[in-house]
Amino acid sequence: VNRQILIVDDEAHLRMLIHQTLEELEDEGVELVTATNGEEAIEALQARKPDLVFLDVMMPKLSGFDVCERAKGSMGMSDVYIILLTAKGQEFDRQRGVDVGADMYMTKPFDPDALLMKARAVLGL
Amino acid sequence: MSSAALRQLLRRHKESRELVALFAEALGGAVALEGVQSGVLPATVGITAEALVPLAADGAGAAWMADSPQATAMTALLDHLVARDVERKALGAEVLNLYREVNLIYSFSEKLAALLDVERVAALTLQETRHVIVATDGVVMLLDDTTNALSTVAGFGDVLPGLRGIQSGEGILGTVALKGIGEIVNDVQADLRRIRRDMDLRSLIASPLTVGERVIGIIALASTQPMVYSAGELKLLSTLALQAATAIENARLFERTVQAAVERERLLALHQHAELARARLENELELASRIQAELFPAEMPRLAGYDLAARNRPARQCGGDYYDAVILPPGDHGARVLLCVADVSGKGLPAALLMSSMQATLRALLGRTSSLSALAALASELLFASTSGNKYVTAALFELTPATGAARYVSAGHVDSLLLRRGGEALALGSTGTPLGLIPGGMPYGEGSAVLAPGDSLVLYSDGVPEAQNAEGEEFGEDRLAEIVRRSVGESSATIVGRVFEAIDMFAGAAPQFDDITLLVLQRAPPNLVP
């Protein structure tokens, strides 16, 4: 079974940048999936049960916190590694991140090399 | 179209796979795709591998189709799809690279904000720049405002950091500093400005460090292997250089502020120290001055038929001169008096203490020795024993029998004393031995004698009188002293003393008084006034 990474961000350029950063993992059999909002993210989680999720916090309607809370809670995906993405300079409620069960958080603008390294580490590549 | 690119496209891109299948179906030909499950391309079912031709140009396997005209059309589609994918990837890579730069600039300014040290700012700048610009060597050099020379504050690699003593305008780096314009030199060996021929650098990229219009230094990266540095990289380097220059300027300002504060503290401490020392010295001098004041006789003894007066004026708060007049036990011809003017070596408290010692010695010995010369020898020995080697006292000692006017004297290394005859003749009574306390042992002192006839004057003084100087460096001299006394016939001794001091002050003018001035005048009343 292929390993999968879900990229969730409502901003198209960030989805593209994260996708581009992780693209070399496709050669190692990793499938990259994207979602443009919280609802799509829930659907993708349900349908694919990815190994790793890059999840933007600030999204309209269903926020990253909400998605994470549902995934780790009612959807029972405690083994899915979820990384919250927060904008630098914006206030981030760390405690909320811990409460919803996120595994870590990264700030945007992100360091592509660090992001790729983290993905490799989580997937054991 | 390479098979690898095609394989990658078909493996990753679901939409492309579906498009190929749709196209194959429409063409009515069968396409076999490597690694694709059957069912995705129903048309492939039943076709044997031998009937297929590879669709990629290099003939390797990724997709195959039965050899037919349709295969040509399929190849054209695949070509197009692969080309688009390559384009998309190139664009993606470029965008990601730009994003990497933005991220670098962002994190660089954050890191810079925490640094207040020029060397560390320079080192961080090079470290961050290396992430995005490939180089074997790098250096940050700062321009010295006064010498116009560039000096290295941070660097890496074997060649660039070793460069020394580059002047603004000299060579490639000096040109960047002088003109304040960044440069890419992709063939260093061919550049005519190159000053170090032995330098093994192939490609170089450099930017000035500017604050406003002012160039404060340069940053340069270089490679010992041929490289092609791009305009984009120079733009990035310039952006980082701008941030670094501002940070360096801030760090310098901070260093200067700290230095100024430290210097201010140091000066304040020095001042307090000096103030303390001055206060202590003042106390000491005041104490010395009090000691000394008590040593001078409160008033001069009255001698029938004589008029005696003396005055001392120290150069500083506390001086080293001393005078005394003591009535001695009567001798064969009645009462005797000892007159003394002395000059103690040194100044301040030590001199005052020595003077006190001198007075005590003298007074203790009075009447206990057979002669004036024996007194001097003993006093010298005692002073030598009780003081350190470089302390001594010059003294003129006169023992006078007022009834007869007979005087015996010893001068221990002292300046001449003046005996002025009634008729105006001046006699200098010179030294008869070494200063008291200067050398050990019972050095014999010579003893002189003179008779003070009615109308004669005896003047004892310290070297401060003849050696008083005016602004031109001329000395007052013994002649002026004698002349004043000579012209003061009929005046009291106190008046004469006052006149001499006035004359010295007139003579010296604005010149400061260097030495103590002591003067003692003894006049024997002229014959017609003798009671």
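Predicted model: local features only at pLDDT ≥ 70, side-chain atom pairs only at ≥ 80, totals over all residues.

**A strand of chain A and its setting**

Mentor: In strand β4 of chain A, A:L85 is the bridge partner of A:D56. Buried here stands for a relative accessible area under 20%.

The neighbours of the strand may be taken in turn. Between β3(A) and strand β4 (residues 81–87) of chain A the pairing is parallel and runs over five bridges. Besides the pair named at the outset, A:F54 has A:I83 as its bridge partner in β4(A). Strand β1 (residues 3–8) of chain A also pairs with β3(A) in the parallel sense, here over four bridges. In that pairing, A:V8 finds its bridge partner in A:L55 of β3(A).

A helix also belongs to this picture. Together with helix α3 (residues 64–72) of chain A, the strands β3(A) and β4(A) make a β-α-β unit, and this unit is right-handed.

The sheet as a whole can now be described. It is an open sheet of five strands with parallel pairing, in the order β2-β1-β3-β4-β5 of chain A. At its edges stand β2 (30–35) and β5 (104–108) of chain A; each has a single partner strand, so one side of each is left without a neighbour in the sheet. On average, neighbouring strands of this sheet are turned by 20 degrees against each other, direction ignored.

Chain A contains five helices and five strands, and along its sequence they follow the pattern β-α-β-α-β-α-β-α-β-α. Of the 125 residues in chain A, 50% are buried. Among the contacts in chain A with a separation of 6 or more, 65% join residues 24 or more positions apart. The chain exposes about 5,900 Å², and carbon and sulfur atoms supply 48% of that area.

Chain B provides the wider setting. It has 10 helices and 19 strands, and 44% of its 531 residues count as buried. In chain B, residues 24 or more positions apart make up 64% of the contacts with a separation of 6 or more. Its accessible surface comes to about 26,400 Å², with 55% belonging to carbon and sulfur atoms.

The largest nonpolar core has 31 residues, and those with the most contacts inside it are B:I205, B:L209, B:I219 and B:I248. Several elements of chain B each supply at least two residues of this core, namely α3 (69–113), α4 (118–132), β4 (137–143), β5 (149–156), β8 (203–211), β9 (214–223) and α6 (231–295). Of these, α6(B) gives the most, with 10 residues. Residues up to four places away in sequence aside, B:I248 touches B:V118, B:V121, B:L142, B:L209 and B:I216. Another core, of 28 residues, lies apart from this one, and among its members are B:V326, B:L328, B:L383 and B:V393.

B:E249 has its place in helix α6 of chain B. With a relative accessible area of 17%, B:E249 is buried, because buried means under 20%. Leaving out residues up to four places away in sequence, B:E249 touches B:V211, B:R214 and B:I216. B:L10, in turn, lies in helix α1 (residues 3–12) of chain B, and at 4% relative accessibility B:L10 also counts as buried. B:L10 and B:L81 are 71 residues apart in sequence, and their C-alpha atoms are 9.5 Å apart in space.

Notes: Residues numbered from 1 in each chain as written. Chains lettered and ligands numbered in written order. Heavy atoms only, no water. Pairing = 2+ DSSP bridges. Right-handed = clockwise from strand over helix to strand, strands pointing away. Core = buried A, V, L, I, M, F, W, Y, C linked by side-chain atoms within 4.5 Å. Buried < 20%, exposed > 50% of the residue type's maximum accessible area, 1.4 Å probe, protein only. Contact = heavy atoms within 4.5 Å. Axes fitted to C-alpha atoms, helices over the stretch in contact; angles between N-to-C directions. Areas by Shrake-Rupley, 256 points an atom, 1.4 Å probe, with all protein chains shown as cover.
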